Amino acid sequence: MTYTAHMKAALAEAALSGVDVPVGALVLSPTGEVLARAHNNREVSHDPTGHAEIIAIREATAALGDWRLTDCTLVVTLEPCVMCAGAIVAARIPRVVFGAWDDRVGASGSLYDLLRDARLGNPVEVIAGVLEEECAAQLRGFFAARREE
């Protein structure tokens, strides 16, 4: 599976972030069905855990009625941070697909590599750089607009 179509859906979800940093995430079933979708909402919710990954994980566990997402895939437009990597490991998600790297706070291979750290349990398969330029351009556009304000 190439995950291109799913990443496009995550980019569309990220576009709904409004005043928040545009990050979108999907949790996929083993067959590729979208179980949950979310975008960042920290500013709107006044919640520091309002990252797209966290929200999507919560929605997927509610949909499945189980906190273990052992056969699911998380697709996200930006490399997960430390908090999100911890939630991914805790939820037993075996595969993460992301678009843009986050050299500032990334925890999935750039600054840290928590997802593949076997000391935390089963290493997570990481597929990086899917539609990387499109994901990075969406983020650059958001921050360029903020600087102009």
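**Helix and sheet packing**

In helix 1, M7, L11 and A14 meet E134, C135 and Q138 of helix 5, where contact means heavy atoms within 4.5 Å. By class, this contact has four nonpolar, one polar and one charged residues; Ala, Val, Leu, Ile, Met, Phe, Trp, Tyr, Cys and Pro count as nonpolar, Asp, Glu, Lys and Arg as charged, and the others, Gly among them, as polar. The model is predicted: local features need pLDDT of at least 70, side-chain atom pairs count only at pLDDT 80 or more, and totals for chains, interfaces and linings use all residues. Residues are numbered from 1 along each chain as its sequence is written, and side-chain values use heavy atoms, with hydrogens and water left out.

**Helix pair**

- Helix 1 (residues 4-14) and helix 5 (residues 132-148) pack at about 5 degrees, with axes 11 Å apart; axes are lines fitted to C-alpha atoms, for helices over the stretch in contact, and angles run from 0 to 180 degrees between N-to-C directions.
- Helix 1 is therefore roughly parallel to helix 5 (angles under 35 degrees).
- Helices (H or I, at least four residues) and strands (E, at least two) are DSSP runs, numbered from the N terminus.

- Five strands form an open sheet in the order 2-1-3-4-5, with mixed pairing; two strands pair if DSSP finds at least two bridges between them.
- Strand 2 (34-39) and strand 5 (125-128) are the edge strands, each pairing on one side only.
- Strand 1 (residues 24-28) runs antiparallel to strand 2 and is joined to strand 2 by five bridges.
- G24 has H39 in strand 2 as its bridge partner.

Technical notes
Parallel < 35°, antiparallel > 145°, perpendicular 65-115°, else oblique.
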